[in-house]
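The sequence and the structure are shown first, and the description comes after them.

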Amino acid sequence: MKVGFGSFTLDEARRQLFKGDEPLHLSPKGLELLKFLLERRPAAVAKADIHLRLWPGTFVTDVTLASVVAEIRAALGESARHSVIRTVRGFGYAFAGEAASERQTPVDSSPTSWIAAGDRRLWLRTGENVVGRDRDVGIWLDSLSVSRRHAVIRLTGHGATLADLGSKNGTYLNGNCIQGAAPLEDGDQIRVGSVTVVFRDIRAPGTTQTA
């Protein structure tokens with residue numbers, strides 16, 4: 001799906017925001033929030049619903065949400081007073097502009113692999129999936145024990161590998177500190193800092209859809 005508003009286009013398949021033909025930088029959380037507000041337009045979306053969508057199973061403050069909103073407005077070249085992202089005092093946010101949707105032919109098959117973090121399911125995309133504490137990474141883990149760019153999971157049609165990115169506390173696979181790229185199999189335990197997650201791959205024989 002592509003959604004156009006003004007001179008901007010949100011390309012959901014490519015997970016990219018464009019102004020005309022020029023790609024704009026927006027973090028994964030910024031893209032997800034913009035997509036969510038566009039999906040629910042013109043209705044206002046409660047902060048609680050946004051938290052559940054962007055940070056399921058993780059406690060973050062409204063200050064963090066406000067910073068994501070500010071990031072979107074900055075990318076659009078807008079201020080809080082004049083923005084298509086409308087603040088609904090005491091409730092949440094809404095997309096207040098005119099927008100039009102355009103269906104796309106999917107360019108990739110459905111995701112097949114994910115990271116299970118408690119009750120959260122964090123889908124992996126083909127290519128590099130950086131794991132860390134920085135909001136711009138693909139797999140965001142909100143823990144001070146996790147480096148901003150801690151590790152990377154590389155996913156291809158032939159399998160997946162895990163590599164450390166020079167983190168302070170190291171990256172562990174099934175209890176062993178890894179050096180270089182290590183192959184991943186369904187059910188492998190990955191520890192980054194004090195956070196342990198599980199790699200799941202639906203392509204593995206006998207794998208179910210549960211986390």
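## Confidence in the model

The structure is a predicted model. The mean pLDDT of the protein chain is 86, and 91% of the residues score at least 70. Among its elements, strand β15 (residues 171-173) has the highest confidence, at 97, whereas strand β8 (residues 100-102) has the lowest, at a mean of 71.

Residues 104-109 call for caution, as pLDDT stays under 50 there. The model has six contacts beyond four places in sequence for this stretch. Where pLDDT is low, the predicted coordinates should not be read in detail.

An open sheet is formed by three strands in the order β5-β7-β6, with antiparallel pairing. Strands β5 (45-46) and β6 (85-88) stand at the edges; each has a single partner strand, so one side of each is left without a neighbour in the sheet. Strands of a sheet pair through backbone hydrogen bonds, either parallel or antiparallel.

Between β6 and β7 (residues 92-95) there are four bridges. One of the residues involved is I85, whose bridge partner in β7 is F95. Helix α1 (residues 28-40) lies across β5, β6 and β7, and runs at about 70° to β7.

In soluble globular proteins, nonpolar side chains tend to be buried together. In this model the largest nonpolar core has 32 residues, and L17, L33, L34, I50 and I85 are those with the most contacts inside it. Two or more residues come from each of β1 (2-5), β2 (8-11), α1, α2 (47-54), α3 (62-76) and β7. Helix α1 gives the most, with six residues.

A second, separate core has 21 residues, including L124, A160, L184 and F199.

## Salt bridges

Side chains of opposite charge can pair when their charged atoms come close. The model contains six salt bridges. One of them joins R15 and E32, with the closest N and O atoms 3.9 Å apart. R15 lies in the loop between β2 and β3 (16-19), while E32 lies in helix α1, so that this pair links distant parts of the chain, 17 residues apart. R15 is partly exposed, at 24% relative accessibility, whereas E32 is buried, at 17%. R15 and E32 also belong to a network of salt bridges together with E39 and R53.

A further salt bridge pairs D62 with K47, at 3.7 Å between the closest N and O atoms. D62 is in helix α3 and K47 in helix α2, so the pair ties together parts that are 15 residues apart in sequence. D62 is partly exposed, with a relative accessible area of 40%, and K47 is also partly exposed, with 25%.

The side chains of D186 and R200 form another salt bridge, at 2.8 Å from N to O. D186 sits in the loop between β17 (182-184) and β18 (189-192), and R200 in strand β19 (residues 195-201), 14 residues apart. D186 counts as partly exposed, at 26% relative accessibility, whereas R200 is buried, at 13%.

Technical notes: Residues are numbered from 1 along each chain as its sequence is written. This is a predicted model: local features need pLDDT of at least 70, side-chain atom pairs count only at pLDDT 80 or more; totals for chains, interfaces and linings use all residues. Side-chain values use heavy atoms; hydrogens and water are left out. Two strands pair if DSSP finds at least two bridges between them. Contact means heavy atoms within 4.5 Å. Axes are lines fitted to C-alpha atoms, for helices over the stretch in contact, and angles run from 0 to 180 degrees between N-to-C directions. pLDDT is the predictor's confidence in each residue, from 0 to 100. A nonpolar core is a set of buried Ala, Val, Leu, Ile, Met, Phe, Trp, Tyr and Cys residues joined through side-chain atoms within 4.5 Å. Buried means under 20% relative accessible area, exposed over 50%, partly exposed in between (1.4 Å probe, protein chains only). A salt bridge is a side-chain nitrogen of Lys or Arg within 4 Å of a carboxyl oxygen of Asp or Glu.
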